[in-house]
Amino acid sequence: AGFNDGEIENALLWLDELTGHQKALEYGDLSSQGIRIYNSFEQERLDKYCRGYIVYLEQIGILSPPQRELLIDRLLALETNDIDVEQIKWVVLMVLFSQPGQELNYARMEELIFDKKMSSIH
């Protein structure tokens, strides 16, 4: 209700590519000590706050380097010009949910999302 067929088709395609891209995104040995350099297109779509939040999620162990790459791929596939940190949070949940064995990281990400929202209510 409220969505046209094109929007529904795009959403289903995006979700299908989320699971399909996981096997295609083989990067060999990615070190957690490495630095991700964003190209100009990625910098246009992901501002410094978005990039900083992605680094933060890696530093606290919620995202691995391959998961980061999948996250960036799916964020850039969003049909919006203004990607923000709130969108990143929800896409991270979808990335983690789509991968087996990520229940702990999924729960930690949920805590990050909902704890901050609950604390801002009080």
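Author: Buried residues make up 34% of the 122 residues in the protein chain. The model is predicted.

Reader: How many helices and how many strands does the protein chain have?

Author: The protein chain has 6 helices and 0 strands. From the N terminus on, the order of elements is α-α-α-α-α-α.

Reader: What share of the contacts with a separation of 6 or more comes from residues 24 or more positions apart?

Author: The share is 70% in the protein chain.

Reader: Take Ile-88. What does Ile-88 touch, not counting residues up to four places away in sequence?

Author: Ile-88 touches Cys-50, Tyr-53, Ile-54, Leu-71, Leu-75 and Ile-83 under that condition.

Reader: On to charges. How many salt bridges does a search of the whole structure find?

Author: Again, the idea first. Side chains of opposite charge can pair when their charged atoms come close. In this structure, the search finds 6 salt bridges. Several of them belong together. Arg-36, Glu-42, Glu-58, Arg-68 and Glu-69 are linked in a network of salt bridges.

Reader: Start with Arg-36. Which side chain meets Arg-36 in a salt bridge?

Author: The side chain of Glu-42 does, at 2.9 Å, N to O. The two side chains are also joined by a polar contact of 2.9 Å.

Reader: Is Arg-36 buried or exposed?

Author: Arg-36 counts as buried because its relative accessibility is 19%, and the cut-off for buried is under 20%. Glu-42 is buried too, with a relative accessible area of 9%.

Reader: Where does Glu-42 lie, and what does Glu-42 touch, not counting residues up to four places away in sequence?

Author: Glu-42 is in helix H2 (residues 40-45). With those sequence neighbors left out, Glu-42 touches Arg-36, Ile-37, Ile-72 and Leu-76.

Reader: Which side chains meet Arg-68 in salt bridges?

Author: Two glutamates. Glu-58 meets Arg-68 at 2.9 Å, N to O. This pair links distant parts of the chain: Arg-68 is in helix H4 (residues 65-76), Glu-58 in helix H3 (residues 48-59), 10 residues apart. Glu-69 meets Arg-68 at 2.8 Å, N to O.

Reader: How far apart in space are Glu-58 and Arg-68, C-alpha to C-alpha?

Author: The distance is 7.6 Å. A polar contact of 2.9 Å also joins their side chains.

Reader: What else does Glu-58 touch, not counting residues up to four places away in sequence?

Author: Besides Arg-68, Glu-58 touches Leu-63 and Pro-65 on that count.

Reader: Are Arg-68 and Glu-69 buried or exposed?

Author: Arg-68 is buried, with a relative accessible area of 7%. Glu-69 also counts as buried, at 11% relative accessibility.

Reader: Which residues form a nonpolar patch on the surface?

Author: Trp-90, Met-94 and Phe-114 do, with about 260 Å² of accessible area together. Met-94 lies in helix H5 (residues 85-97).

Reader: Why does Met-94 count as partly exposed?

Author: Its relative accessible area is 32%. Partly exposed is the range between under 20% for buried and over 50% for exposed, so Met-94 falls in it.

Technical notes:
Residues are numbered from 1 along each chain as its sequence is written. This is a predicted model: local features need pLDDT of at least 70, side-chain atom pairs count only at pLDDT 80 or more; totals for chains, interfaces and linings use all residues. Side-chain values use heavy atoms; hydrogens and water are left out. A salt bridge is a side-chain nitrogen of Lys or Arg within 4 Å of a carboxyl oxygen of Asp or Glu. Buried means under 20% relative accessible area, exposed over 50%, partly exposed in between (1.4 Å probe, protein chains only). Helices (H or I, at least four residues) and strands (E, at least two) are DSSP runs, numbered from the N terminus. Patches are made of residues with over 30% relative accessible area and no salt bridge: like charges are joined within 9 Å, nonpolar side chains (Val, Leu, Ile, Met, Phe, Trp, Tyr) within 5 Å. Accessible areas come from the Shrake-Rupley method with a 1.4 Å probe; for residues, only the protein chains shown count as cover. A polar contact is a pair of N or O atoms within 3.5 Å; within protein, one must be able to donate a hydrogen and the other to accept it, and residues adjacent in sequence count only if both atoms are side-chain atoms. Contact means heavy atoms within 4.5 Å.
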